[in-house]
Amino acid sequence: MASLAINPNVAALPPYNAGMNVAVARSISGRDDIARLASNENPDGCSPAVLAALASPTLEPWRYADPACTALRAALGRKLAVDPETIVVGNGSEEMIAAISRAALLPGASVVTVVPSFGLHEIEPLAQGAAVAKVAMTDDLGFDIAALEGAIAAGPNLVFLSSPWNPVGPALDAASLERLLTAIRPGTLFVLDEAYFEFADGSSPDGLEMLRGSGVAYIVLRTFSKAYGLAGLRVGYAVCSDAALARLVAAAKTPFNVNAAAQAAAIAALGDEAWMQASVARLREKRIRVAAALERLGFKVAPSQTNFLFFDCGTDSSAVAAALLKEGIIVKAWREKGYERYLRVTIGSSGDNDRLIRALEGMARR
Ligand SMILES: Cc1ncc(COP(=O)(O)O)c(C=O)c1O
């Protein structure tokens with residue numbers, strides 16, 4: 001290793017906080033029934049139409065899948081009313097974050113994102129040798145629009161912003177997004193990561209709608225991992241402001257990146273939007289109940305338009321996460337500097353949510 005000419009940008013990357021393996025959680029807790037509340041997966045599973053597509057004899061695992069995801073892009077184009085030539089499908093939207101960074105950033109490039117951040121919005125630019133500036137959230141756990149406006153107006157090469165915001169939860173309202181779009185200079189690529197788009201209510205805009213026709217060079221990211229419940233199959237996509245930008249992002253991905261089962265499953269999921277919408281409605285209700293319970297326990301909880309909650313647990317969150325793990329509950333303790341008191345919990349099944357609340361109540365009594 002010592003004699004290898006390694007990439008120092010990659011060697012210096014911060015670790016991605018990917019959450020705990022369920023087998024490890026079983027051995028630590030001594031329980032089989034692990035409550036997996038760390039990765040923002042869908043506790044309802046996925047549409048039965050997806051399971052039927054995966055069992056279909058038309059699936060041919062022995063063949064390479066379509067590298068261009070033609071049928072899936074056509075279905076997405078119809079759903080979103082965009083030209084399929086502007087869409088690139090990824091092995092999860094995380095692959096698109098990597099491809100965008102690879103396509104758009106040279107060493108020394110500048111990137112703006114937020115803190116607390118979705119790890120890959122920082123890690124992938126750093127891997128390209130870019131410098132990443134992070135705008136902190138406000139004291140009331142929201143976007144600092146004035147600070148973001150200033151950072152964006154300075155003309156970075158790339159902006160990575162998630163709305164609804166992982167890990168905090170709020171979504172940009174139309175007026176705030178408009179202010180940010182107005183601040184963007186030519187030469188900045190604006191990436192709006194809408195992984196939790198389907199969970200947002202009517203108070204936040206459809207980012208794609210607002211970006212279309214804004215004159216800004218943009219990419220909107222969405223995923224099948226959350227509301228559609230396909231996290232294990234890995235399908236996300238990028239909608240680009242024009243086909244030339246999409247070709248650039250596609251050139252930066254691996255050729256056969258989305259496997260045949262994933263493509264078939266995503267098409268089936270799009271054919272059963274009713275399942276997704278019913279699941280989202282149930283999870284929203286549960287989120288409201290869990291947020292109220294956390295507030296009753298005295299925690300400061302960020303407003304959420306997602307399937308998770310972010311709250312200040314008043315002490316080092318890794319100690320709280322470790323105590324919950326002993327009870328078979330996996331949550332995510334935030335590790336970014338300045339945010340080590342925050343915990344992010346996914347909204348799970350009613351039983352798992354109750355377990356979480358009971359465990360936190362028990363700790364509060366001790
Ligand atoms: C904001 C955000 N973007 C992207 C992703 C990546 O999602 P996937 O690669 O599963 O599509 C996630 C996953 O948690 C996320 O929270």
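In this predicted model, the domain assignment of the protein gives two parts, with domain 1 covering residues 8–45 + 274–365 and domain 2 covering residues 48–270. Between the C-alpha centres of domain 1 and domain 2 there is a distance of 24 Å, and the contact of the two domains takes 30 residues from domain 1 and 30 residues from domain 2. On the side of domain 1 that touches domain 2, the elements that give two or more residues are helix H1 (8–11), helix H12 (273–296), strand S10 (308–312) and strand S13 (342–346). The largest share of this side comes from H12, which gives five residues. By class, the residues on this side of domain 1 divide into 15 nonpolar, 10 polar and five charged.

An open sheet is built from seven strands in the order S2-S8-S7-S6-S5-S3-S4, and its pairing is mixed. Strand S2 (87–90) and strand S4 (131–136) are the edge strands, each of them pairing on one side only, while the twist from one strand to the next averages 20 degrees. Strands of a sheet pair through backbone hydrogen bonds, either parallel or antiparallel. Strand S3 (residues 110–115) and S4 run parallel and are joined by six bridges; valine 111 has valine 132 in S4 as its bridge partner. Helix H7 (residues 145–153) packs on the sheet, where H7 touches S3, S4 and strand S5 (158–162), and the direction of H7 makes about 160 degrees with that of S4.

The ligand is surrounded by 13 residues, of which the closest are Gly92, Glu94, Thr223, Ser225 and Gly236. The shell around the ligand has eight polar, three nonpolar and two charged residues.

Notes: Residues are numbered from 1 along each chain as its sequence is written. This is a predicted model: local features need pLDDT of at least 70, side-chain atom pairs count only at pLDDT 80 or more; totals for chains, interfaces and linings use all residues. A residue is near a molecule or strand if its C-beta atom, placed from the backbone, lies within 6 Å of it. Ala, Val, Leu, Ile, Met, Phe, Trp, Tyr, Cys and Pro count as nonpolar, Asp, Glu, Lys and Arg as charged, and the others, Gly among them, as polar. Two strands pair if DSSP finds at least two bridges between them. Helices (H or I, at least four residues) and strands (E, at least two) are DSSP runs, numbered from the N terminus. Axes are lines fitted to C-alpha atoms, for helices over the stretch in contact, and angles run from 0 to 180 degrees between N-to-C directions. Two residues are in contact if their C-beta atoms, placed from the backbone, lie within 7 Å. Domain bounds come from an automatic or database domain assignment.
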